[in-house]
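User: I am new to this structure and would like to understand how its parts meet. Please set each value against the definition behind it.

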Amino acid sequence: MGTPLETREAQVEEVLERLYEEYPDSTISLNYSNRLELLIAVILSAQCTDERVNAVCAELFETYGTPEEYANAPQEELAEAINSITYYNNKATYIRSACADIAEKHDGEVPDTMSDLTDLAGVGRKTANVVLQHGHDVVEGIVVDTHVQRLTRRLGITEAERPEAIEEDLLGIVPEDDWQQFTHLMIDHGRAVCTARNPDCGECVLADVCPSAKPDAAVDLASGEEW
């Protein structure tokens, strides 16, 4: 079991310093060429791998190019186009509805505020933060996905459980200049080393400051359960 630093701010600073060195090219892994494609990709990525989303979107983005085209696509047609994605029927409904609103209420442009984005079907705060950061260069929050949720708890950075509560907690202890990269670094490390079921603590650059590190730690703080 590692020993976290005395304050959460110090723990965050140490984690960031090590992960910046470990993943110097960390960035978003979804493929897109404009804001609408980014929005569609992020909606599809909920509880689905980015690799799968990228594979589906390669063809999807050739078929549909405007909000009107998505909005006017028959439900069955759009669902069929994304049927290898998790919850594809629901996501097809969200995309058609969101794009109808973009076309009718926003002059065909993806909104650039948190409130307008989260008014769209299928868009919660996490999705809106991604679109704001990478589509509009507006960083007003921290994207909390499953990796960020798991690693911040596992590292003793937060005890909050819900993504919204975790984000609120992190905003007070992660330097604002690092808000965007914090997410990417957590995701890269979560995929490469600190996986959900069997993290490779022996190869982890954070093991000595991680209170969940095996084999000495008895409990995974991410889940609260014994290893």
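Analyst: Domain 1 and domain 2 bury about 690 Å² between them, with 47% of that on carbon and sulfur atoms. This is a predicted model, in which local features need pLDDT of at least 70 and side-chain atom pairs pLDDT 80 or more, while totals for chains, interfaces and linings use all residues. Residues are numbered from 1 along each chain as its sequence is written, and side-chain values use heavy atoms, leaving out hydrogens and water.

User: What makes the 690 Å² a buried area?

Analyst: Buried area is the accessible area (1.4 Å probe) that two parts lose on being put together, summed over both, so the about 690 Å² belongs to domain 1 and domain 2 together. In domain 1, Val-143, Glu-167 and Gln-180 lose the most area to domain 2, together 61% of what that side buries.

User: Where do the bounds of the two domains lie?

Analyst: Domain 1 covers 8-26 + 143-209 and domain 2 covers 35-136, bounds that come from an automatic or database domain assignment. Seven residues from domain 1 and seven residues from domain 2 take part in the contact, which means heavy atoms within 4.5 Å.

User: Why is the pair of Arg-191 and Asp-50 called a salt bridge?

Analyst: A salt bridge requires a side-chain nitrogen of Lys or Arg within 4 Å of a carboxyl oxygen of Asp or Glu. The closest N and O atoms of Arg-191 and Asp-50 are 2.8 Å apart, so the pair meets the rule. Across the interface of domain 1 and domain 2, the rule finds two salt bridges.
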